[in-house]
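Here are my notes on the helix packing and the ligand site. Please read them with the structure open.

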Amino acid sequence: MKEGTGKTALITGASSGIGQELAKLFAQDGFDLVLVGRREETLDRLADVFRNNYGTQQITVINKDLAREDVAQELYDELQSKGITINILVNDAGASTYGKFATETEWAREKELIHLNVLTTTLLTKLFLSDMVARNEGRILQLASMVSVTPFPLMSVYAATKAYVWSLTQSLNNELKGTNVTMTALMPNATATNFFREAGAPKLVVEDMMDDPAMVAKDGYKALMKGEAKVIPGGLGNKAQELMSYVSPQEALASLMRKLLSPKHESGQDQKTPAWTVGIGIALAAVAGYALVRAYTNANPIDKARYRQQAQSLGDSASGTISSIIDSVVGTYHNGKAKVESTLA
Ligand SMILES: NC(=O)c1ccc[n+]([C@@H]2O[C@H](COP(=O)([O-])OP(=O)(O)OC[C@H]3O[C@@H](n4cnc5c(N)ncnc54)[C@H](OP(=O)(O)O)[C@@H]3O)[C@@H](O)[C@H]2O)c1
């Protein structure tokens, strides 16, 4: 008997990207499915594929705009009236805008994304979690993000919503201790889905270093099934990036992220850049910061005063310094790669 036999997983945002890959994993493991999104035809096609390929018995497709007022309650009531018990909830549906908050993005879209990423996610969690706690059984996967723990200029409102999801998940995890109900935060780095296009972004520097949505879903699924509190999908570069975001200056991180979200044609960067260079860039920034703090702590009072004055004048150019570090790491990578390629040619 498969792991999911007799159980139902509800996946919001199942019509595309990470959500679609997650839905496939649940189908493969024998779960019944509730697939939610606005593209009903896509969800229906997906349901047919799952029935044919994996023999999924029960698939309920629900066409809903989850950015609407009171929609979470509506979805919950609909499932109650159908007598469907949700054993696993995946809050995947999410969206962003792209551009400068003060002058470029539209409030109407920001309001919608706050509704989708925050209000709907929170109420769905509350409604299904209280049933799970009453049964003392169930799992929830929350789509947080690497940007839950870093600033993300040009997607600032989006990043704030993902910081909310991350914070909520950590707190609830503590409240759930001692129960048989678990909640997992999935924190992907940039992933190759429709996400950036849907946000209205042009071709971005970060698009050369994107993760595969199938890999992200697989790591998320494994962590969910083990009841882990969080998971950073992918390799060491992503894990280093998360670690460094806790110890690096926020201004430096914002500067790095701004660079990654800049349009490709503006950056003058036309070569592929691997994700690990970002981790190393942040690591270098953190090591430099740590060395400075140590030097300051061990200095005598006069030197401390000098440091403070220098720090003030350096403050303005900090962003530039971090950008140079990243540029030099990226440059070193490209030079090394070119040398290896010419040797092998
Ligand atoms: N891609 C990344 O770099 C990345 C990184 C970290 C975290 N994430 C998070 O991962 C999740 C999935 O994103 P993705 O990358 O897979 O993007 P995606 O391919 O654009 O998928 C987004 C999904 O959300 C659904 N959705 C969007 N707005 C909706 C609405 N108003 N009502 C109902 N459903 C809605 C879409 O379905 P319909 O269009 O059918 O409505 C779609 O299935 C999001 O929460 C995102 O924040 C993404």
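1. A definition comes before the angles: axes are lines fitted to C-alpha atoms, for helices over the stretch in contact, and angles run from 0 to 180 degrees between N-to-C directions. Two packed helices are described by the angle between their axes and the distance between the axes. Bear in mind that this is a predicted model.

2. Start with helix 3 and helix 4. Helix 3 covers residues 71–81 and helix 4 covers residues 107–135. Their axes are 8 Å apart, and the packing angle is about 35°. The crossing of helix 3 past helix 4 is right-handed. On the helix 3 side, the contact uses Val71, Ala72, Gln73, Leu75, Tyr76, Leu79 and Gln80. Helix 4 supplies Thr120, Leu123, Leu124, Leu127, Phe128 and Asp131. By class, this contact of helix 3 with helix 4 has nine nonpolar residues, three polar and one charged.

3. Next, helix 1 (residues 17–28) against helix 7 (residues 213–226). Their axes come within 8 Å and cross at roughly 55°. Angles under 35 degrees count as roughly parallel, and 65 to 115 as roughly perpendicular. Helix 1 and helix 7 are therefore oblique to each other. Helix 1 passes helix 7 with right-handed geometry.

4. Which residues of helix 1 meet helix 7? They are Gly17, Ile18, Glu21, Leu22, Leu25 and Phe26. Facing them in helix 7 are Pro213, Ala214, Val216, Ala217, Lys218, Tyr221, Leu224 and Met225. The contact of helix 1 with helix 7 counts 11 nonpolar residues, one polar and two charged.

5. Helix 1 also packs on helix 2 (residues 40–54). Here the angle is about 30° and the axes are 10 Å apart. Helix 1 is therefore roughly parallel to helix 2. This crossing, too, is right-handed. Gln20, Ala23, Lys24, Ala27 and Gln28 of helix 1 meet Leu46, Phe50 and Tyr54 of helix 2. The contact of helix 1 with helix 2 divides into five nonpolar, two polar and one charged residue.

6. Now the ligand. There are 30 residues around the ligand. Ser15, Ser16, Arg38, Tyr158 and Thr193 come nearest.

7. Check the ligand's oxygen contacts too. A polar backbone atom of Ile18 is 2.8 Å from a ligand oxygen. Ile18 also belongs to the contact of helix 1 with helix 7. For Asp92, a backbone N or O atom lies 2.7 Å from an oxygen atom of the ligand. Tyr158 uses its side chain: an N or O atom there is 2.6 Å from a ligand oxygen.

Terms used: Residues numbered from 1 in each chain as written. Predicted model: local features only at pLDDT ≥ 70, side-chain atom pairs only at ≥ 80, totals over all residues. Heavy atoms only, no water. Helix = DSSP H or I, 4+ residues; strand = E, 2+ residues; numbered from the N terminus. Parallel < 35°, antiparallel > 145°, perpendicular 65-115°, else oblique. Left-handed = near helix turned anticlockwise from the far one by under 90°. Contact = heavy atoms within 4.5 Å. Nonpolar A, V, L, I, M, F, W, Y, C, P; charged D, E, K, R; others polar. Near = heavy atom within 4 Å. Polar contact = N/O pair within 3.5 Å; in protein donor to acceptor, adjacent residues only side chain to side chain.
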